Amino acid sequence: MTEFWKSGERHFCTFCKCWLAGNKISIDLHESGNHHKSNVKAKLDLLRKNSLEKERQDKQLSQTLGKMERAANESFRRDMASTTINGSNYNQANNST
């Protein structure tokens, strides 16, 4: 009876976007190479840069929301003060008639 041919396992390097033989020696040889190391360093630098940018954007957003909230509270406080004064005048005017 004939046996079916089966190819050897393959390993995909996500940093270099390439396929390797799936054995330990090939993987270790690839990972010790300068091209792979430079790709890993570039990926880590990109992640670090994106993380710092996201952190900066989050900080800016929280500052903007804080300013909006303070302005809304101040406006509310002024509205309540003017309503109290106008409401008191209204009540006094109705009581005098």
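# Briefing: a β-β-α-α chain

Along the sequence, the chain runs in the order β-β-α-α. That makes 2 helices and 2 strands in the chain, where helices (H or I, at least four residues) and strands (E, at least two) are DSSP runs numbered from the N terminus. The model is predicted: local features need pLDDT of at least 70, side-chain atom pairs count only at pLDDT 80 or more, and totals for chains, interfaces and linings use all residues. Residues are numbered from 1 along each chain as its sequence is written, and side-chain values use heavy atoms, with hydrogens and water left out.

**Whole chain**

- Of the 97 residues in the chain, 7% count as buried; buried means under 20% relative accessible area, exposed means over 50%, and partly exposed lies in between (1.4 Å probe, protein chains only).
- The chain has an accessible surface of about 9000 Å², and 58% of that belongs to carbon and sulfur atoms. Accessible areas come from the Shrake-Rupley method with a 1.4 Å probe, and for residues only the protein chains shown count as cover.
- Among contacts in the chain with a separation of 6 or more, 10% are between residues 24 or more positions apart; contact means heavy atoms within 4.5 Å.

**The hairpin**

- Strand β1 (residues 10–13) pairs with strand β2 (residues 18–21) in the antiparallel sense, over 4 bridges. Two strands pair if DSSP finds at least two bridges between them.
- β1 and β2 form a hairpin with 4 residues between them.
- In the turn of this hairpin, Lys-17 has a positive phi of about 60°.
- Cys-13 stands opposite Cys-18, which is in β2.

**The annotated span and His-36**

- An unreviewed UniProt entry carries the annotation "domain: U1-C C2H2-type zinc finger" for residues 10–42. UniProt positions are given in the numbering used here, feature names are shortened, and annotations may be inferred rather than shown by experiment.
- In the model, residues 10–42 are 52% helix and 24% strand, and the end C-alpha atoms of this span lie 24 Å apart.
- His-36 is in helix α2 and counts as buried because its relative accessibility is 9%.
- Leaving out residues up to four places away in sequence, His-36 touches Cys-13, Phe-15, Cys-16, His-30 and Glu-31.
- Phe-15 and Lys-43 are 28 residues apart in sequence, and their C-alpha atoms are 7.3 Å apart in space.
- Lys-43 is found in helix α2 and, at 40% relative accessibility, counts as partly exposed.

**Salt bridges**

- Side chains of opposite charge can pair when their charged atoms come close.
- The whole structure holds 7 salt bridges, where a salt bridge is a side-chain nitrogen of Lys or Arg within 4 Å of a carboxyl oxygen of Asp or Glu.
- One of them joins the side chains of Asp-45 and Arg-48 (2.8 Å, N to O). About one helical turn separates Asp-45 and Arg-48, because they are 3 residues apart in helix α2.
- Asp-45 counts as partly exposed, at 32% relative accessibility.
- Glu-74 meets Arg-77 in a salt bridge between side chains (2.4 Å, N to O). Arg-77 and Glu-74 are 3 residues apart in helix α2, so about one helical turn lies between them.
- Arg-77 is partly exposed, with a relative accessible area of 47%, and Glu-74 is partly exposed as well, with a value of 31%.
- The side chain of Glu-74 also meets that of Arg-78 in a salt bridge (3.7 Å, N to O). Arg-78 and Glu-74 are 4 residues apart in helix α2, so about one helical turn separates them.
- Arg-78 counts as partly exposed, at 48% relative accessibility.
- Salt bridges with shared partners join Lys-41, Asp-45 and Arg-48 into one network.

**A nonpolar surface patch**

- Leu-61, Leu-65 and Met-68 form a nonpolar patch on the surface, with about 310 Å² of accessible area together.
- Patches are made of residues with over 30% relative accessible area and no salt bridge: like charges are joined within 9 Å, and nonpolar side chains (Val, Leu, Ile, Met, Phe, Trp, Tyr) within 5 Å.
- Met-68 lies in helix α2 (residues 34–96) and counts as exposed because its relative accessible area is 53%.
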